[in-house]
Amino acid sequence: MESENQTEVSEFFLMGLSEDPELQPLLFGLFLSMYLITVFGNLLIILAVSSDPHLHMPMYFFLSNLSSVDICLTSTIVPKMVLNIQTESKAITYAGCLAQLYFFMVFLCMDNLLLTVMAYDRYVAICRPLYYTVIMNPRLCGLLILLSLLMSIGNALLHSLMVLPLSFCTDLRIPHFFCELAQILKLACSDTLTNNILVYFMTSLLGVGPLSGIIFSYTQIVSSILRIPSTGGKFKAFSTCGSHLSVVFLFYGTCFGVYLNSAASVSSRRRAVASVMYTVITPMMNPFIYSLRNRRMKGALRKLISATPSFS
């Protein structure tokens, strides 16, 4: 295959979920609707948390940060995808592709780390209730968010810088709806061994590590809940982390689904379809999960909506 230097690559081509012309209007309407629902729903969560003094607690502070990250994650991907469908263009500039790759990895990693931080918050609340306000003080909460952000930026920056020296072949078609690292590496003509080793190492460090932390937190939480004598007390304790557990299962379940599809040598197009789950569906579902399963959040949302001036 004839290769060309990375500096000569001006653009890639995002092939999307389907090349069927009849499906494009459906995909356009579907993804635009899901994007608007995601932004609106997560904005409601942020506004509800910031406006209700009863929600000025670590749990909801982390939730509002998760909502902000979810908006940013989908905004990194969906607008470009919708624009390409509308303009019937599959092109994305080389710089635009690297920028999309970088920000996608920042916000995906941030999502992952925030879920771990939220699991730790639930662990302290249930297993160390008398020390909760002392341990989860505003300074620690801010430091946890800052640490998660710095780790996410460092991870994304490392991968992005490792892509820069690569040279690419003449086939610049990415069988995906966004610039995913694995697909970009497949297009490279130069040796990507170091890149692949880095991918596996960082995935183990920032993927398996946080998941292990979540599993440990919930084993301790379940153990503490089982020691509560009353059924009502057990239900109340478990209800405080039910929403978070639902989001964890949704996020990691879809991520593992994509990984298994990749490991099983499933076609790139099917991998792209599976990726919709954790890049679009999960951020859209999070506000519904937290608002429907959390009484305080439902109350805050009702107050926020009732306080909105009517123009009728």
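This report describes the confidence, disulfides, salt bridges and selected local features of a predicted protein model.

**Basis and confidence**

Residues are numbered from 1 along each chain as its sequence is written, and side-chain values rest on heavy atoms, with hydrogens and water left out. Because the model is predicted, local features need pLDDT of at least 70 and side-chain atom pairs count only at pLDDT 80 or more, while totals for chains, interfaces and linings use all residues.

The pLDDT, which is the predictor's confidence in each residue from 0 to 100, averages 87 over the protein. A score of at least 70 is reached by 92% of the residues. Helices (H or I, at least four residues) and strands (E, at least two) are DSSP runs numbered from the N terminus. On that basis, the highest mean confidence is 96, in helix α5 (residues 138-163), and the lowest is 44, in strand β1 (residues 3-4). Over residues 1-7 the pLDDT stays under 50. Where pLDDT is low, the predicted coordinates should not be read in detail.

**Disulfides and other cysteines**

A disulfide is a covalent bond between the sulfur atoms of two cysteines; here it is assigned to a pair of cysteine sulfur atoms within 2.5 Å.

| Pair | S to S distance | Angle about the S-S bond |
|---|---|---|
| C97 and C179 | 2.1 Å | -125° |
| C169 and C189 | 1.5 Å | 140° |

The link of C97 and C179 is left-handed. This pair connects distant parts of the chain, 82 residues apart: C97 lies in helix α3 (residues 94-127), and C179 in the loop between β5 (173-174) and α6 (181-187). Burial is judged by relative accessible area: under 20% is buried, over 50% is exposed, and values in between are partly exposed (1.4 Å probe, protein chains only). Both C97 and C179 are buried.

The link of C169 and C189 is right-handed. It also joins distant parts of the chain, 20 residues apart, with C169 in strand β4 (residues 168-169) and C189 in the loop between α6 and α7 (193-226). C169 counts as buried because its relative accessibility is 6%, whereas C189, at 33%, is partly exposed.

With the bonded cysteines numbered in sequence order, the pairing is 1-3, 2-4. C127 is in no disulfide, and the nearest cysteine sulfur, that of C241, is 9.4 Å away. C127 has a relative accessible area of 14% and is therefore buried. C141 is likewise in no disulfide; the nearest cysteine sulfur, that of C127, is 17 Å away. C141 counts as buried at 5% relative accessibility.

**Salt bridges**

A salt bridge is a side-chain nitrogen of Lys or Arg within 4 Å of a carboxyl oxygen of Asp or Glu, and the structure holds two. One joins the side chains of D121 and R122 at 2.9 Å, N to O, and both D121 and R122 are buried. The other joins R173 and D171 at 3.0 Å, N to O. R173 counts as partly exposed at 49% relative accessibility, and D171 is partly exposed at 30%.

**Helix α10**

The expected span of a helix is 1.5 Å times one less than its number of residues. For the 13 residues of helix α10 (residues 295-307) this gives 18 Å, and the end C-alpha atoms are 18 Å apart, which agrees. In α10, M297, A300, L301 and L304 are buried. They lie on the same side of α10 because they cover an arc of only 100° around the axis, the arc being that of the directions from the helix axis to the C-beta atoms. An α-helix has 3.6 residues a turn, so residues three or four places apart point the same way. The face of α10 turned away from its buried side carries the exposed residues R295, R302 and S306.

**Two individual residues**

N155 is located in helix α5 and is buried, with a relative accessible area of 8%. Apart from neighbours within four places in sequence, N155 is in contact with M105, C109, M202 and L206.

E88 is placed in the loop between α2 (58-87) and β3 (91-93) and is exposed, with a relative accessible area of 76%. E88 and P21 are 67 residues apart in sequence and 9.4 Å apart in space, C-alpha to C-alpha.

Terms used:
Contact = heavy atoms within 4.5 Å.
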